[in-house]
Amino acid sequence: MVKKITSLTDQSINHFKRQYLVGVFAFFLCVVCLFPLNIFAHIQPVQAFHDQTQIKRFLQDSNGFIWSLGQSGLKRFDGFETINFSMQGPYKLPFSWIKDALIVQNMMYIATENRGLWQLNLNNFKSKQLLNFEQASNLERLKFHADSLYILGREGFSQYNIAKAQYSILSKQYTSLFADVFGDSIYFSDENRMIKFHIKSGTYSVAATFKQKINEIVASNDVLMVTAGKHVAFLNNTTLSDEKDIQPAKLKIESPNAEYTKHFKAAPLTKVILPTPVSSATFTDETKEFLLSLSNGELITLSSKTFTRVANRYDIGSAKNATAMLIDRTNSLWIASSSGVSPNVKLPFRLHNIKFPVKNNEIDMLIANDIIWLGSNGAGLFRYDIDAKELIPDAIFNSAVPNARINEFSEHNGNLYIPTYEGVYKYTPETGRVSRLIKEFDDQLFLSSQIINDKLYLGCNEGGLAIVDLSTNTLIHHIKEGANELLSGEVLTASHVGSEIWVATAKGINVLNATNHTLKSTVTLPTHAKVIAVTAINNKIYVSTYGDGLYVLNQAGELINRLNTSSKVLSAKPLNSELYVTTREGLYIVDTTTDTFTQLAGSRQLTFSSPMFLHNDKLIGAGFFGLVEIPVKRSQEIITRPAITRITHNGNTLFNKHSLSLESSKDVVSFNLSSFDYRDSNAMRFKYRLNEGQWNEISGHSLTLTQLQPDDYLLEFKGANALGNWSAESTFARLTVLIPWYKTSLAITLYILIALITVALIIWVLQMKVKNAHNLQQLLSNEIYLKGHSIEQIKYNFNHIKQYIKSQNTAAIEQVCNDSLALLTKQQDEIVPSQLADKNLKDGLWYFANYLQEYFDVNITLDNHFSQSALPTDIQQDVYRMVYEAVSFAIHQSFDRSFNLRLVNVHSSFLIELFDEGEGLLNLKNELNSHLGLFILKSLIKKYQAKLDCSTHYNHGSYMCISFSSERIIPVHKEY
């Protein structure tokens, strides 16, 4: 219907008449080329296995991975990525040419052609050889029963007990290529014979002999299927019950064309003859059916209950010469053939391929009084017998209205109301009467019809809404587009919602009073998509749009939800608490209690054109493909929790890990996920949350995390299968982001200890500086005191000498003079070198620097650049005293212990430069006039008319410079 709507919106009636003539011509062309329609494009072979030759078997492990075995090794597939296990590459195997394998408790046991028997641990991918080539060669099949592997090959039959690691050869006379476990026995092929091995007794018996070689043996719980050439034999528990009574003579089956002979008393074996030989076979436990892939590519399904052929539930396209088959846990069928590898989705419905003899196979359907009516787009009206699969044209209506193009039609009291391109017709099948309604609408194209309260609501392409009273078959209302009327003249449907009629138009929804059909309100949607249908259920209103999915409104018309089914929705039909939504891209089932939806498996490629109808406990839908028949009671949808297929940490790949420690927040970790739904891997979705926080959907199938703060994290993952159903169970992973070493408690303790030691050292240094400054000040005071004391003593001695001279006591005079000299010598040895005494300037400075270093731990670096011979002795003494006074002040003011002294004679100037790493010299100039201790320095500067500068030295420390001209030296000697 929508295709018609979208193509006819802006076209005139004359254009439709031209199309009508073209349709008549197309009718005759299509009649001669009528053929069944296959709506399924063949699923392309999975690219993951395109380079693997001679696949011998598919396996699915307990996690859900698909494993393929072949000549080159193993492949593991998760729906997105493939990991190769071979003799070359990052995941190495010590063997190749795999013939068979099976999985027991997450251990894969592998039979090779020329490397013996191996065990592969699926947790860590480590392999172990169980039997070497000399013990077991040319292996073909592995079977497991009661803790033992039974090994079959071209050189015999043997057993390996896994628990005891014991190997024993059972027989060397059989050459077996096919086998299976059935009951407590193993049945295997020996050319054209089927041999039964009694596991408990360890004896053999011949179960059957075929004229051709056996090419497959498959067992179910109670039926054993054997194929030989084109023939299939079924053996059940009844026929095998007397097998122990082996007769010496072969008993022929009562058939002249028998292809095999049974060797025991029982009823004849059930036989099926196939078109071509079997290439591969498997059994599905869900439907109790055997699936056989024939050499010509055809798929045959045989019932294990009736031993007859039944309808296929898979569409495999062409799979010629298949070598391996597997039905995974989502009931997808895997086949490896000459065409590659294909996972084929099981169809949970039955298709009826119907093709009308017209170009456009769009079908409108109506089920009334258990009759399935089909309206075509140019071939008229048909009935369909769904049991007989017979399409029956309605000769009466098609004669009255030739080549009718039928839109959405309705039924009321045994009458069909059929909108067409040429008008609206009332058809009574019981009487065969066809009449035209509302002839005044000859120029209108009718799009839909609905029966509400004995009234017929007709939606027009441009003329608005026509309402017909079915009791009189007359037009009672015609509502057009305009102010206070419809939003658009293109009316697509009318629906009964409580006491209102909701009219869906191309520009929105008009709400009418159901009694007088006056306009009550309008409902607008967030987008301008066309409204196709309106459905009321569970006090909610579901609005189907063509282009924007499904909107959910409350009774007041307010938006409460939006469901992203397919964008092109055609209809929504309620059944119980579910809503069956037909779209251009399959069928969706909406749970109206939770507003969650799922897509019917395998329906993605179905293009619907009509709503679903209930018929004999089945849902019937129509589309361009024909009809689809869906059981109301469907098997429970398979939803598996997601799994972490691999973890990548800083470029390193990890498998089978669910906890990880990161060294720092800069580490990068990625999680690859899969729900193992191979029906449509690209449709799988995933979401995660950290520490039970907000759920976040993952783009693709991989989550990458970085810049995580140091902490413990619990990651929770959920996955949606190919149909959009989210898993109830979650998968968890734990991350621990470690604190950097420099933030650990040990490091912090060390930092505190270092800080305490540093503070203690600083306090100690400050105390030492204060103590040294005090000592230096005390030393200067002692110098003054000692100097004054010596002068007083010498003065006293001279008074005695004056008295002794008067008395001419020469001996006493000599004694007093000796005492004075001794006193002066002692004073010179003990006092601070504040004067140059009898040393030259350079020697005196060197002595002064050593004195400060030895007694006060003060370092003075000397840098002398002057000619000592050019300086008179008295100037050397004054320069020395200037240095002494400046250094003494700096030591007292500064907490630093290092100084640089530089004396330079440049031309006629003499410079005294002192550098302090502290700030002791900055206040020297300011303190010169006020500080009593700087009196001598001030006097010397004045004496030589010198210039004093103090400043910061290169933003660090302090600097002093005393400069004077040698030409201005006043030759006046004065001691201080």
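User: Which element gives the most to the lining of the second largest pocket?
Analyst: β5 does, with six residues. Keep in mind that this is a predicted model.

User: What other elements give two or more residues there?
Analyst: Besides β5 (98–104), the list has β1 (57–60), β9 (139–145), β13 (179–182), β17 (214–219), β22 (278–284) and β26 (324–327).

User: How many residues line the pocket, and which lie nearest its centre?
Analyst: The lining has 41 residues. Nearest the centre are Arg57, Lys143, Ala281, Thr282 and Met325.

User: And what volume does the second largest pocket have?
Analyst: About 1200 Å³.

User: What about the lining by class?
Analyst: 22 nonpolar, eight polar and eleven charged residues.

User: OK, helices now. At what angle do α6 and α7 pack?
Analyst: About 20°, with the axes 10 Å apart. Helix α6 covers residues 841–856, and helix α7 covers residues 873–893.

User: Why do α6 and α7 count as roughly parallel?
Analyst: Angles under 35 degrees count as roughly parallel. The α6 and α7 axes are at about 20°, so the two helices are roughly parallel to each other.

User: Is the crossing left-handed or right-handed?
Analyst: The crossing of α6 and α7 is right-handed.

User: Which residues meet?
Analyst: From α6, Leu841, Gly844, Leu845, Phe848 and Leu852. From α7, Gln876, Val879, Tyr880, Val883, Tyr884, Val887 and Ile891.

User: How many charged residues are in the contact of α6 with α7?
Analyst: None; the contact has ten nonpolar and two polar residues.

Technical notes
Residues are numbered from 1 along each chain as its sequence is written. This is a predicted model: local features need pLDDT of at least 70, side-chain atom pairs count only at pLDDT 80 or more; totals for chains, interfaces and linings use all residues. Side-chain values use heavy atoms; hydrogens and water are left out. On a 1 Å grid over the protein atoms alone, a cavity is a set of points where a 1.4 Å probe fits but cannot get out, and a pocket is an open set with protein on both sides within 12 Å along at least five of seven lines; lining residues have an atom within 4 Å of a point. Grid points are joined across faces, edges and corners, and a volume is the space filled by probe spheres set on the points. Helices (H or I, at least four residues) and strands (E, at least two) are DSSP runs, numbered from the N terminus. Ala, Val, Leu, Ile, Met, Phe, Trp, Tyr, Cys and Pro count as nonpolar, Asp, Glu, Lys and Arg as charged, and the others, Gly among them, as polar. Axes are lines fitted to C-alpha atoms, for helices over the stretch in contact, and angles run from 0 to 180 degrees between N-to-C directions. Angles under 35 degrees count as roughly parallel, over 145 as roughly antiparallel, 65 to 115 as roughly perpendicular and the rest as oblique. A crossing is left-handed if the near helix is turned anticlockwise from the far one by less than a right angle, and right-handed if clockwise. Contact means heavy atoms within 4.5 Å.
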